[in-house]
Amino acid sequence: MTLTASLVSQATTEVENNPVLNIAIFAAFVAVTMFIVLRASRNNKTASDYYAGGRSFTGPQNGFAIAGDYLSAASFLGICGAIAVNGYDGFLYSIGFLVAWLVALLLVAELMRNTGKFTMADVLSFRLKQRPVRMAAAISTLAVCFFYLLAQMAGAGGLVSLLMGIDSKLGQSLVIAVVGTLMIIYVLVGGMKGTTWVQIVKAILLILGAAAMTVWVLALNGFNLSTLLGAAVDNAAAGVGEGVLNPGLQYGANPLDFISLALALVLGTAGLPHVLMRFYTVPTAKEARRSVVWAIWLIGAFYLFTLVLGYGAAALVGAETIKNAPGGVNSAAPLLALYLGGPILMGFISAVAFATILAVVAGLAITAAASFAHDIYANYMKKGKVEDPDAEVKIARRTVIVIGAVAIIGGIGVQGQNIAFLVALAFAVAASANLPTIIYSLFWKRFTTRGAVWSIYGGLGAAVLLIAFSPVVSGNPDAMIPGADFVLFPLKNPGIISIPLGFILGWLGSVTDRTIESPELAAEMDVRAHTGFGAEKAVEH
Amino acid sequence: MSDHARAPIDFLAEEENPEFKALKRKRFSIVVPLSIAFLAWYFLYVILSTYAHDFMSTKVVGLINVGLILGLLQFVSTFAITMFYVSFANNKLDPPAAEIRDRLERESEGVQP
C-alpha cells in the first residue's frame with residue numbers, strides 16, 4: 001500500500017470520529033425534503049392523490065423518481081465497492097440492472113398504465129377472479145417489499161458505523177429508529193406525491209454527486225480510461241493484479257450462480273412492485289413511456305459513472321484499504337469522495353447515501369401500504385365495496401405506521417447479520433412470481449385464475465425455499481446462520497430454477513383449468529391496454 | 001374494475017376491428033423481435049463473461065479488453081433500442097391508438113342520455 005492509502009485511512013478515522021459535518025448535511029437534506037413534502041401534501045384528498053400523486057407527474061419527473069427508487073444504497077455503494085474490489089464482475093451486476101429496463105419499456109410500462117389503477121394486482125385481477133388473484137398478488141408484493149426493506153434497513157445500520165462514526169449497537173439502533181420514523185412521516189404526510197419529490201431530490205443529488213466525482217477521477221487520469229485501469233491494477237488487492245480487469249474474480253468459482261443471478265436481475269426489475277406503482281403517477285401511457293426512457297438514460301449514465309468510480313476507488317484509495325475500512329466494500333465511494341474533496345465531499349456523498357436509504361424505504365412503504373389497503377382490505381376483505389371513500393386511505397396510513405415499526409424492529413434485529421442476499425431474493429421473487437403473471441395477463445388470452453395463483457405462489461415459494469436451503473443462509477462462515485448446515489441447493493441465487501418454474505406453473509395451471517374466464521373482460525382489457533381507452537385520468541385540482 | 005366506461009361498448013367486436021388488429025400487429029411486430037434480440041444479446045454477453053474468460057480478457061486498446069468493450073456495448077444497445085422504440089411508438093403506435101380511443105370515447109359518450 002502506498003503512502004496516500006495510509007493517509008486516507010488516517011483521515012478516515014479522524015472524519016469518522018468527528019461526524020458532525022455528515023450529520024449536518026443529512027439534516028439539511030431532511031429539512032429541505034420535509035418542506036417539499038409538507039407543501040406537496042396540501043392536495044392529498046383522494047385515494048388517487050395518496051397512492052398515485054394525483055397522476056400529475058410528468059414523464060421526466062417520474063423518470064427521476066424511478067431512478068431515485070431504483071438506485072438504492074446497494075447499487076450506489078455496493079456496485080462501486082464491488083468494482084473497486086472485484087473489478088469486472090462488479091460491472092456485470094450493473095449491466096443486468098440496466099438492460100432489465102428494456103423489459104419494462106417494451107413489454108410492461110404502457111400496458112400496465114392503461115389497465116391498472118394503483119397496484120400490480122389491479123392489472124392481474126382485471127379479467128380473472130378478483131379475490132384469489134388479488135390476494136396472491138398482494139402477498140407477493142408484500143414479500144418483495146419486505147425483503148427489500150429489510151435489506152435497506154440492515155444497510156442503514158452498516159452505513160452508520162461507516163459514515164457517522166457510531167459503532168455502538170445502541171447508537172446504530174437509534175439511527176435505524178430515526179430513519180424509520182422519518183420514513184413514516186414522509187409517507188404518512190406526503191403520500192405518493194411527497195415520496196416522489198423525495199425520490200426526485202435524492203436522484204438529482206446522487207447523480208450530480210456521482211457525475212462530479214467521475215469527471216474528477218477521469219481528470220486525475222488524463223481523461224484516459226486505460227490509464228485509470230492501469231492505476232487500478234497497480235493498487236488492486238494482493239495477488240489480483242490485472243485480474244480486476246477480467247471476468248471471474250467474484251463469480252469465477254460458480255458460473256451457474258452468476259447466470260442464475262443474471263436471469264433474476266434482467267427479469268426482476270419489471271416485476272418490482274414499487275417500480276410498477278410509479279407508472280400510475282403519470283397521466284397517460286405516453287408519459288409512462290417517457291418516464292421509463294428518462295429512467296434508462298439516468299440509470300445508464302449512473303452505472304457508467306460507477307464504473308469509473310469503482311476503478312477510481314481501487315486506483316486512488318486501494319482495494320486493501322477499502323476492504324479493511326469500517327463498512328467494508330460499501331466504503332469505496334465515501335472513501336473516494338474523501339480522497340478527492342476532503343471531508344466536505346465525503347459528508348455530501350455520505351448524506352446522499354443516507355438519503356438514498358430513506359427515499360427507497362419510503363417508496364417501498366407506500367407500495368406495501370397501497371397493496372394492503374387497496375388489494376387486501378378494500379378488494380379482498382370488503383369485496384370492493386368500501387362505503388366511505390376515505391376509509392381505504394385511512395387503512396393505508398395505518399399500514400404505513402405498521403410497516404415503519406416492522407422496518408425499525410427488523411432493521412435492528414438483523415444488525416450485523418449478512419443479509420445482502422435479500423436484495424437478490426427480492427429480484428428473484430419479482431421475476432419468478434410477478435413477471436410471469438404480468439406477461440401472461442397482458443399477452444396470453446387463455447391465462448386463467450388458476451394459472452395466476454399457481455404461478456405467483458409457486459414462484460414465490462420456490463424462490464424463498466431455495467434461498468432458505470442455499471449457502472447464503474447456512475453451511476459456511478459467511479452465511480446468515482454460520483453455525484448450522486442445512487444446505488440442499490448449491491446456488492446462492494434461486495432464479496435459474498424459480499423463474500422457469502413460475503412461467504411453467506402459469507402455463508400448466510391455465511391449460512389444465514376447465515373454467516372459462518370472461519371473454520368480454522379479456523377483450524375489454526386487450527382494447528384498453530393497447531388504446532388507453534378508459535385509462536385512469538389525472539386528478540384535477 | 002368499478003370504473004368501466006359509462007356506456008356499454010362491445011369490446012368483443014372491437015377486438016376484431018381491423019384497425020385495432022392492425023395496431024396490435026404493429027406493436028408486436030416490433031416489440032417481440034426487439035425483446036428476443038436484446039435478451040439473446042444480454043445472455044450471450046453473460047455466458048461469454050462466465051465461460052469465455054480468456055476471450056473476454058483479450059486486450060484491445062491499452063488495458064481495455066474485449067469484456068469491457070462488450071459491456072459498454074450493452075449500454076450502447078440499450079440506449080439505441082430505447083431511442084428506436086420511442087420514435088416508433090410516438091410515430092406509428094400513438095396516432096392509431098389515439099384514433100381508436102377517441103372513437104370509443106365518442107361512442108360511449110354518445111349513448112349517454
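The following conversation asks how the descriptions of this predicted model follow from their definitions.

Modeller: This is a predicted model, in which local features need pLDDT of at least 70, side-chain atom pairs count only at pLDDT 80 or more, and totals for chains, interfaces and linings use all residues. Residues are numbered from 1 along each chain as its sequence is written, chains are lettered from A and ligands numbered from 1 in the order in which they are written, and side-chain values use heavy atoms, with hydrogens and water left out.

Biologist: Why is Gln199(A) called buried?

Modeller: Buried means under 20% relative accessible area, exposed over 50%, and partly exposed in between, with a 1.4 Å probe and protein chains only. Gln199(A) has 0% relative accessibility, so Gln199(A) counts as buried.

Biologist: Where does Gln199(A) lie, and which residues does Gln199(A) touch?

Modeller: Gln199(A) belongs to helix α9 of chain A, residues 169-220. Helices (H or I, at least four residues) and strands (E, at least two) are DSSP runs, numbered from the N terminus. A contact means heavy atoms within 4.5 Å. Leaving aside residues up to four places away in sequence, Gln199(A) touches residues including Phe64(A), Asp69(A), Arg278(A) and Gly363(A).

Biologist: What makes Asp234(A) exposed?

Modeller: The relative accessibility of Asp234(A) is 67%, and therefore Asp234(A) counts as exposed. Asp234(A) is placed in helix α10, residues 225-234 of chain A. Asp234(A) and Gly318(A) are 84 residues apart in sequence, with a C-alpha to C-alpha distance of 8.8 Å.

Biologist: Why is Phe486(A) called partly exposed?

Modeller: Phe486(A) has a relative accessibility of 32%, so Phe486(A) counts as partly exposed. Phe486(A) is found in the loop between α18 (449-468) and α19 (495-511) of chain A. Phe486(A) also belongs to a nonpolar surface patch, whose members include Leu465(A) and Met480(A) and which has about 530 Å² of accessible area together.

Biologist: What makes a group of residues a patch?

Modeller: Patches are made of residues with over 30% relative accessible area and no salt bridge; like charges are joined within 9 Å, and nonpolar side chains (Val, Leu, Ile, Met, Phe, Trp, Tyr) within 5 Å. A salt bridge is a side-chain nitrogen of Lys or Arg within 4 Å of a carboxyl oxygen of Asp or Glu. Accessible areas come from the Shrake-Rupley method with a 1.4 Å probe, and for residues only the protein chains shown count as cover.

Biologist: How many disulfides are there?

Modeller: A disulfide is a pair of cysteine sulfur atoms within 2.5 Å, and by this rule the count over all chains is zero. As for burial, Cys80(A) has 1% relative accessibility and so counts as buried, and Cys145(A), at 3%, therefore counts as buried too.

Biologist: How do you know that chain A agrees with a compact globule?

Modeller: The radius of gyration is taken over C-alpha atoms, and the globule rule is 2.2 Å times the number of residues to the power 0.38. For 541 residues a compact globule would have a radius near 24 Å; chain A has 23 Å, so the value agrees. Chain A has 20 helices and zero strands, and buried residues make up 66% of its 541 residues.

Biologist: What radius of gyration does chain B have?

Modeller: Chain B has 23 Å, but a compact globule of 113 residues would have a radius of gyration near 13 Å. The C-alpha atoms of chain B fill a box of roughly 75 × 25 × 25 Å along the principal axes. Chain B contains four helices and two strands, and 44% of its 113 residues count as buried.
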